[in-house]
Amino acid sequence: MQKKFLVALLTIALCIQVALPSFNVLAARTIYDNETGTQDGYNFELWKDYGTTSMTLNEAGTFSCQWSNIGNALFRKGVKFDSTKTYQQIGNINIEYGCDYKPNGNSYLCVYGWTEDPLVEYYIVESWGTWRPPGADRAKGQITVDGGTYDVYETTRVNQPSIHGNTTFQQYWSVRTSKRTSGTISVSEHFKAWERMGMKCGKLYEAALNVEGYQSSGSANVYKNIVTVGGNSNSGGNTSGGNTTPATGNKIECEDMTVSGQYAGGINNPFDGVALYANDESCSFTYDFKSDTGDFTLRGCSNNSNMAKVDLIIGGENK
């Protein structure tokens with residue numbers, strides 16, 4: 001549930017209605033054909049032209065995938081935007097990732113996405129299979145980001161699939177000179193470097209960690225994929241490099257809220273959080289929006305078929 005309120009006071013209280021000894025995480029879901037959607041706060045997509053594929057959607061940004069006998073297939077989880085803001089207006093974008101990557105043939109492990117106005121398909125390639133993309137004759141230049149060196153390329157696709165159907169568009173590429181399968185990717189620093197090279201970035205449609213296969217087979221297990229959006233970058237997207245401090249926003253963890261009840265308390269298995277075991281136990285906080293708007297998301301779970309109850313109180317009135 002996600003909403004915006006223009007109110008004076010917000011109080012959230014989370015109460016589990018039955019006595020429960022523990023919590024269970026919801027089972028992962030596996031998809032086999034083209035599908036888009038949202039799960040656990042992340043956008044996901046499986047796209048292929050043909051062949052055998054599977055994608056298991058695990059918690060948050062993590063997932064695993066397999067492919068064989070394909071033409072082209074993409075598996076990704078990340079953030080989709082509404083194509084109304086540039087990356088400068090959105091703020092710094094970072095992805096912390098880790099992947100057990102096992103391609104057999106042509107494949108990429110990368111950050112993937114699109115911009116509009118101009119329409120651009122972009123790649124920040126961290127590792128690859130038997131062929132190093134994009135196959136262009138000469139790079140436009142080199143940049144150093146997050147301690148690694150990338151070759152920058154610009155290519156053109158003519159009458160090919162895009163987010164607007166078959167059309168002609170540019171592709172932007174940052175390709176590492178040495179492979180890696182874990183680390184931090186300062187996405188916005190690549191955008192800045194591309195624009196310094198005359199490669200204009202439009203309004204952002206998507207930024208996602210992506211596994212792509214082309215006429216190949218393979219598997220990948222993305223065991224870490226944390227996307228942070230907002231704030232300013234301290235990294236230099238040029239040969240001087242630099243580090244980036246991820247933006248965390250005004251996130252309030254349940255462990256920092258007011259916990260009440262005889263049995264309520266913190267847990268660290270199967271995840272970090274607060275467990276509520278009995279009727280009328282609660283985890284709550286109060287936030288003053290004053291005259292501004294505010295966003296919030298709330299996640300909770302129950303370990304059986306009983307429902308969890310969420311009370312939203314605005315200005316003393318239970319909503």
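Author: Let's start with K140, which is partly exposed because its relative accessible area of 43% falls between the limits: buried is under 20%, exposed is over 50%, and partly exposed is in between (1.4 Å probe, protein chains only). This is a predicted model, where local features need pLDDT of at least 70, side-chain atom pairs count only at pLDDT 80 or more, and totals for chains, interfaces and linings use all residues. Residues are numbered from 1 along each chain as its sequence is written, and side-chain values use heavy atoms, with hydrogens and water left out.

Reader: What makes K140 and E154 a salt bridge?

Author: The term asks for a side-chain nitrogen of Lys or Arg within 4 Å of a carboxyl oxygen of Asp or Glu. Between K140 and E154 the closest N and O atoms are 3.0 Å apart, so the pair qualifies. K140 sits in the loop between β10 and β11 while E154 belongs to strand β12, so the bridge ties together parts 14 residues apart in sequence. (Strands are DSSP runs of E, at least two residues, numbered from the N terminus.)

Reader: Is E154 buried, exposed or partly exposed?

Author: Partly exposed, because its relative accessible area is 30%.

Reader: How many salt bridges are there in the whole structure?

Author: A search finds eleven. Another of them joins D151 and R132, at 2.8 Å from N to O. That pair links distant parts of the chain, 19 residues apart: D151 is in strand β12 (residues 148–160), and R132 is in the loop between β10 (120–128) and β11 (141–145).

Reader: Why is D151 called buried, and R132 partly exposed?

Author: D151 has a relative accessible area of 11%, so "buried" is the word for it. R132 comes out at 27%, so it counts as partly exposed.

Reader: What about the bridge between E35 and R29?

Author: There the closest N and O atoms are 3.0 Å apart. E35 is partly exposed because its relative accessible area is 28%, and R29 is partly exposed because its value is 40%.

Reader: What makes something a nonpolar core?

Author: It is a set of buried Ala, Val, Leu, Ile, Met, Phe, Trp, Tyr and Cys residues joined through side-chain atoms within 4.5 Å. The largest one here has 45 residues, and those with the most contacts inside it include M55, F75, Y122 and W194. Strand β9 (residues 93–116) gives the largest share of this core, seven residues. A second, separate core of 13 residues includes Y108, W114, V125 and W173.

Definitions and conventions. Helices (H or I, at least four residues) and strands (E, at least two) are DSSP runs, numbered from the N terminus.
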